[in-house]
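Hello,

Here is the structure I promised you. Have a look at it first, and then read on for what I found.

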Amino acid sequence: MKIPEGLIRVILDYDGTLTAEEEQVAELAERSIITLSRDILKAPLSQVRDDYYRTRAMVLAESHKFRWEVNGGIASYGDEGAFITNTTTIQTMLGMNPSYTQAVREYFPNVEYDPIVDCSNYLFHKLTFDLEPHFREATERVLRDLTAHPRLEPVILSSSKRDKVRRNMGILGFEAIRVLGDTRQYEIDPSWKRQFVHPEQGTGQIFRVDDKHTMDLRRPAYYQALVEEMRDAAGVVVVADTFSMPGALPMMMGIPFLLLKTVYTPAWCEAFVGQHAQGCVLPELALLVDCVEEVI
Ligand SMILES: [Mg+2]
């Protein structure tokens, strides 16, 4: 395939793409359970822990029914990533138990979305900040190759806070890589009017993925971030370990999307991205530069 002239920006997701989320999630879950028990729910630790793991099993058994919902839209399905399963488990557990819901409402009186979404965001940002990063084996080499490549520019775009990502990139010596943090790929805005065109499903904002899943593209904050990155580049490629939050929107905007296959990648995500004209499944992070050169 002919490589177009000019700079290609490679937009990298952080958690789960450059890091091995699957190795960190148990610690994140335990810290969340402790904080919920002690500070927010004021309920016995063993009870919260039991509730957490019972809810988690339920989420994974029927993930299409247990979703990360924001403003009434589906931001992600519960099985898409290790951290997403943790977030969905916490939201589901807090929402299904009226005494938990009430405690969360009291702890978060001034909310941005709703108390449960705010609570799960609070726990995620607070507790992942101090987690020791577990980079994937290929992360350092891939970042070095991208940085040295004459036509590729890596940019990290993440819903995690910029401070955390920048500090962790510094550990590997990549403080020069631009980081766009807190880009809120999960933020669904039902008042946003932009329409998209699906080759078979016509014009709309929410499209069908398969008989159990849909994709909600009403993500103006993420859309704006992508448009900014395209402005002075010849092309953009997005790379991430999950589909709904970082991948669905760029794919439907005509931007190539590489889905990194991990131990937790659900079959439905792999199948959908693999057969989409703008989608490609990346079998391992080490193949990233080769794969980007193929799709641009
Ligand atoms: Mg990710």
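How many bridges join strand β2 to strand β3? There are four, and these two strands run antiparallel. (Strands are DSSP runs of E, at least two residues, and helices are runs of H or I, at least four, numbered from the N terminus; two strands pair if DSSP finds at least two bridges between them.)

This is a predicted model, where local features need pLDDT of at least 70, side-chain atom pairs count only at pLDDT 80 or more, and totals for chains, interfaces and linings use all residues. Residues are numbered from 1 along each chain as its sequence is written.

Start with β2, residues 67–70. R67 and E69 on one side are buried, and so are W68 and V70 on the other. (Buried means that 20 or more other C-beta atoms lie within 10 Å of the residue's own, with C-beta atoms placed from the backbone.) In a regular strand, side chains alternate between the two faces of the sheet.

Across in β3 (residues 73–77), S76 is the bridge partner of W68, and Y77 stands opposite R67. Two residues lie between the strands of this hairpin, where N71 takes a positive phi near 50 degrees. Four of the five residues of β3 are buried, so β3 is largely enclosed by the rest of the structure.

Happy exploring!

Key
A residue is buried if 20 or more other C-beta atoms lie within 10 Å of its own, exposed if 12 or fewer, and partly exposed in between; C-beta atoms are placed from the backbone.
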